[in-house]
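This report describes one protein chain for a reader who is new to structural work. Please keep the sequence and the structure in view while reading.

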Amino acid sequence: MQKVARNFFTLAVVYALVGMALGLQMAISKDHAQMPTHAHIMVAGWLMSAVFAFFYHLFPAVAEKTLATVHFWLTAISGTGLLIGLYIMLAGNPAIEPLVATSSMVFYAGLLLFAYIAMPVVWKAERHPETQKA
């Protein structure tokens, strides 16, 4: 795995470790107030980052493009802001909500960028299967 794929996979593993640790902490304490944060970490963090990693691994030429690097940093920074902000907000600090909202919108922009990057590649691959590596 190279560059962007490796970075997204590393980010996914970090999210998985943090998400599971939060899940264990909630189970042990019997306080599930952070369940939305846990769910966001596991889906928006672990799952989405892993999917991005495998996409860029399957299409290494796309991973070399500047837009892929922009996608990584946009997702990494906004995702971190979203998840930390959500944790703080649900811990009883509503003043952080603007950070959560802004991070959410930027994270969505990252997903739109991924759609812009990925959809033409996937549709081209389907139309021209002979150009794909076995």
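Where is Lys-30 found? The model shown here is a predicted one, and in this model Lys-30 is found in the loop between helix 1 and helix 2. Lys-30 has a positive phi of about 60 degrees although it is not a glycine. With a relative accessible area of 69%, Lys-30 is exposed.

**The chain as a whole**

The protein chain contains five helices and zero strands. Read from the N terminus on, its elements follow the order α-α-α-α-α. Along the principal axes, the C-alpha atoms fill a box of roughly 55 × 30 × 25 Å. The protein chain has 134 residues, of which 37% count as buried. Among contacts between residues at least 6 apart in sequence, 71% join residues at least 24 apart.

**Accessibility of selected residues**

The table lists some of the residues discussed in this report.

| Residue | Relative accessible area | Class |
|---|---|---|
| Thr-37 | 1% | buried |
| Gln-34 | 8% | buried |
| Tyr-87 | 40% | partly exposed |
| Lys-3 | 47% | partly exposed |
| Leu-112 | 48% | partly exposed |
| Glu-64 | 51% | exposed |
| Lys-30 | 69% | exposed |

The class follows from two cut-offs: a residue is buried under 20% relative accessible area and exposed over 50%, and it is partly exposed in between. Glu-64, at 51%, is therefore exposed, whereas Leu-112, at 48%, counts as partly exposed.

Gln-34 is buried, at 8% relative accessible area. Which residues does Gln-34 touch, not counting residues up to four places away in sequence? They are Leu-22, Met-26, Leu-86, Tyr-87, Leu-90 and Ala-91. For Tyr-87 there is also a distance between atoms: a polar atom of the Gln-34 side chain lies 3.0 Å from the backbone oxygen of Tyr-87.

Thr-37 lies in helix 2 and is buried, with a relative accessible area of 1%. Neighbours within four places in sequence being left aside, Thr-37 is in contact with Leu-22, Leu-83, Leu-86, Tyr-87 and Leu-90.

Tyr-87 lies in helix 4 and is partly exposed, with a relative accessible area of 40%. Residues up to four places away in sequence not being counted, Tyr-87 touches Leu-22, Gln-34 and Thr-37. Tyr-87 and Ala-63 are 24 residues apart along the chain, and their C-alpha atoms are separated by 31 Å.

**The second largest pocket**

Which helix supplies the largest share of the lining? The largest share, five residues, comes from helix 1. Helix 1, helix 2 and helix 4 (66–90) each supply at least two residues. Sorted by class, the lining has nine nonpolar residues, two polar residues and no charged residues.

**The salt bridge**

Side chains of opposite charge can pair when their charged atoms come close. How many salt bridges does the structure hold? The structure holds one salt bridge. Glu-64 forms this salt bridge with Lys-3, and the closest N and O atoms are 3.9 Å apart. Glu-64 lies in the loop between helix 3 (60–63) and helix 4, while Lys-3 lies in helix 1, so the pair ties together parts that are 61 residues apart in sequence.

Lys-3 also has a backbone feature to note. Lys-3 has a positive phi of about 40 degrees although it is not a glycine. Lys-3 is partly exposed, at 47% relative accessible area.

**Leu-112 in helix 5**

Leu-112 lies in helix 5, which covers residues 97–127. How far apart in space are Leu-112 and His-71, C-alpha to C-alpha? The two C-alpha atoms are 9.4 Å apart, and the residues are 41 apart in sequence.

Key
Residues numbered from 1 in each chain as written. Predicted model: local features only at pLDDT ≥ 70, side-chain atom pairs only at ≥ 80, totals over all residues. Heavy atoms only, no water. Buried < 20%, exposed > 50% of the residue type's maximum accessible area, 1.4 Å probe, protein only. Polar contact = N/O pair within 3.5 Å; in protein donor to acceptor, adjacent residues only side chain to side chain. Contact = heavy atoms within 4.5 Å. Helix = DSSP H or I, 4+ residues; strand = E, 2+ residues; numbered from the N terminus. Nonpolar A, V, L, I, M, F, W, Y, C, P; charged D, E, K, R; others polar. Salt bridge = Lys/Arg side-chain N within 4 Å of Asp/Glu carboxyl O.
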